[in-house]
Amino acid sequence: MAKITVNKDLASERAKCEFNVEELTNYLDGGRENTARRRRMEDKVLSVKELRDEIPEEYLSHKEKYENAIRKAVLFYKVQKSLDDPNQSDHERIRNSYRSTITSAIFKDNSPLTLHIVMFIPAIIGQGNDEQREYWLKRAKNMEIIGTYAQTELGHGTFLRGLETTATYDPATEEFVLHSPTLTAYKWWPGGLAHTANYCVVMAILYTKSKNCGIQPFIVQIRDEETHMPLPGIKLGEIGAKLGYNTVNNGFLGFDNHRIPRDRMLMRNAQVSKDGTFTAGANSKLTYGTMVYVRVLIVNNMANLLAKAVTIAIRYSAVRRQSKLKPEDPEPQILDYVTQQHKLFIGIATSHAYSRTALWLWDHYAKVTSELNAGKLDNLPELHSLACCLKVLSSVDAAVFVERSRLACGGHGYMLSSNLPQTYGLVTPASTFEGENTVLLLQVARSLVKAWQQMLNGRQLAPSMAYLADQKQLDRWDGSVNGIIRAFQKVARGKLAFSVANFEKYQKMGLSREDAWNKASVQLTAAAESHGRAIVVQVFKTETDRIASSLSPPLRKALDQLVELFTLYWALERLGDLLLYSPLSEVDVRDMQARYEELLEKIRPNAVGLVDGFDIRDEILNSALGAYDGRVYERLMEEALKSPLNAEPVNSSFHKYLKPFMQGKL
Ligand SMILES: CCCCCCCCCC/C=C\CCCCCCC/C=C/C(=O)SCCNC(=O)CCNC(=O)[C@H](O)C(C)(C)COP(=O)(O)OP(=O)(O)OC[C@H]1O[C@@H](n2cnc3c(N)ncnc32)[C@H](O)[C@@H]1OP(=O)(O)O
Ligand SMILES: Cc1cc2nc3c(=O)[nH]c(=O)nc-3n(C[C@H](O)[C@H](O)[C@H](O)COP(=O)(O)OP(=O)(O)OC[C@H]3O[C@@H](n4cnc5c(N)ncnc54)[C@H](O)[C@@H]3O)c2cc1C
């Protein structure tokens, strides 16, 4: 293997690191064997030359980008399949791939098959009865059919009960008639729907015996399996260029009285019999299960995307020298500016926080799902609330810290060759898809208000809300991590109490329950956000303590510093709340600030080691600024030279427009 020359600043950063980077990687992967397995997979995928782009994607047309993405998606799927361990359960397969970011090496803007894997197959698993699973899963898993999840419409994304697509049962032919009565009823957004999928799970309002039976899932063929032409009665297309996700092939879909057989309604929960009799499921919200599943996955996805962005920005900050700290000294590495450390170290800590939280949530999800399969529904409301609030917080924080990483790279962060703009394009839609964030916070608030009433009635609360029942005030400020976690719980409790009181006050003033809720909703969402913060700091701390206990002291110390930094960062961000709901004094604030600055200083020598520990290969980072060797300037120039405009010294537009214009001839 050719020896790589590493930028000397990066090399000296690596020499300074106080812990063993490989040990950190193994910790993040969940063990040495998992690291080895992940790397083997990466080696294998990256050895396929055809999966690499000859021309940078950004110089392709919209159409070429899609065609190139499809070409690679097919090949990538085959390589992945050849590495699959058939003995793993679906749960293990997903859990073991939580650190896999290899997809990013192939697609800068995500794959057109994402929805097939992430929603179509899970919808069949979660919504299909045993017979339907048997038939459709085999076809979907073998890629004999490609599907997507078609729920959102042009006129409605959030309000599912307001969907306009109808599925009307016709007992005479034992078929459902799918129809889009208006333009706003057109399905709009589903990934892969435009030109990739030939099937989809369509969420539509079921009518049988002239009764609205609510939203139900239907598996619908939309294109001919041979010719790929849209079937009669189906209108399909692409929704156009977007901020990101441009290779995901998001589409629209309209139905003109399109008929499908009765057995195409996914009938795990609710059923329609041949004569049109509707049997409701145990809980109508089980129909929303696919969304819960994806919200859980998003938390992990956000942690990985943030790890990518912060790796790029930290390495760049070690290489980049700018301005002067002291007049007599040379220009320092920008990483020596404490403001730069403040911008970036929180990104490292946040990625750790959400990757720990994601695993914790995934295990919780798996437990509740197995209970649901056994007919026990008691823990569904808590799971829904947790998935909503952790999806919201992870997506908001990832978007903020990815963008901050980009800004921290100055002008070069604006270049597509840094891969930071595209990474932002991948994190920011997560605040909207799978439930718009404000709307999901309102769902969390709804569950908190309910819990509050249960507490007043002396009933036991779900474990993640149990802290609400602790009525004891904090008698003194305890600035330890555990002390701050308790203070965050007091904040969440206090804000909830305040918003419930106002909600009730507005009703007493004569507002309807709905209007009072709307009027109190800014406070309610703030209480929901605080609840989420309390959960994340607590899970981050307890899970790190639990898993890191066997690590070497230097690594343990570095992880404890990240947990403390994360906790202090949010305490300082939320000073107003803490001053209102905890016994925090001005002196305590000054102490916290001093400790925060001390932590930045302690983390500084380990910063490059910490991002190296994420072990994200250059091919995955795809960044001129973030490569392992730190050849930032050389790579920027190499990438610039790939611009098609640099293929010729004089562009034809000079002779056509500029020259006549400058010579007054145009
Ligand atoms: C760690 C492991 C990780 C492994 C990693 C593996 C690698 C995988 C790589 C990929 C990873 C990530 C993928 C990233 C890419 C993802 C691409 C995503 C593309 C996007 C797709 C979409 O966006 S699909 C469309 C999504 N749409 C929505 O989310 C719509 C949002 N709206 C709603 O959910 C509902 O309308 C809303 C909940 C807002 C209201 O519903 P409504 O029927 O009106 O209900 P309410 O009246 O408000 O409430 C009634 C009661 O129902 C309860 N409830 C609501 N929802 C649920 C639910 N889902 N489950 C359970 N209960 C629910 C609610 O709480 C009320 O209860 P109450 O008791 O009456 O109060
Ligand atoms: C990249 C991307 C990929 C997507 N992929 C898919 C897919 O594969 N399949 C699919 O079905 N869908 C998909 N979607 C659609 C996505 O799920 C919806 O955009 C999302 O659910 C939000 O709905 P909306 O766009 O209708 O927003 P709206 O609900 O119209 O929200 C607009 C504003 O109104 C506010 N608002 C709405 N309702 C309330 C309320 N009750 N209280 C307070 N405020 C409210 C929101 O907070 C927001 O500020 C995708 C979207 C994106 C961006």
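## The shell around ligand 1

Helix 5 (90–96), helix 7 (114–127), helix 9 (289–319), helix 10 (338–373), helix 11 (380–407) and helix 13 each contribute at least two residues to the shell around ligand 1, where helices (H or I, at least four residues) and strands (E, at least two) are DSSP runs numbered from the N terminus. The model is predicted, so that local features need pLDDT of at least 70 and side-chain atom pairs count only at pLDDT 80 or more, while totals for chains, interfaces and linings use all residues. Residues are numbered from 1 along each chain as its sequence is written, and chains are lettered from A and ligands numbered from 1 in the order in which they are written.

Helix 9 gives the most to this shell, with seven residues. There are 37 residues around ligand 1, and Lys285, Tyr288, His384, Phe433 and Gly435 come nearest; a residue is near a molecule if its C-beta atom, placed from the backbone, lies within 6 Å of it. By class the shell has 19 nonpolar, 12 polar and six charged residues, with Ala, Val, Leu, Ile, Met, Phe, Trp, Tyr, Cys and Pro counted as nonpolar, Asp, Glu, Lys and Arg as charged, and the others, Gly among them, as polar.

## The shell around ligand 2

Ligand 2 is surrounded by 22 residues, of which Gln151, Thr152, Gly157, Thr158 and Thr438 are the closest. Strand 1 (149–150) and helix 13 (437–456) are the elements that give two or more residues to this shell, and the largest share, three residues, comes from helix 13.

Because domain 1 (1–18 + 285–466 + 479–622) and domain 3 (123–281) both give residues to the shell around ligand 2, the ligand lies between them; the domain bounds come from an automatic or database domain assignment.

## Packing of helix 13

Helix 13 also packs with helix 16 (residues 521–548), at an angle of about 80 degrees and with the axes 8 Å apart; axes are lines fitted to C-alpha atoms, for helices over the stretch in contact, and angles run from 0 to 180 degrees between N-to-C directions. That makes helix 13 roughly perpendicular to helix 16, since angles of 65 to 115 degrees count as such, whereas those under 35 are roughly parallel, those over 145 roughly antiparallel and the rest oblique.

Among the residues making the contact are Thr438 and Leu441 of helix 13 and Ser521 and Leu524 of helix 16, two residues being in contact if their C-beta atoms, placed from the backbone, lie within 7 Å.
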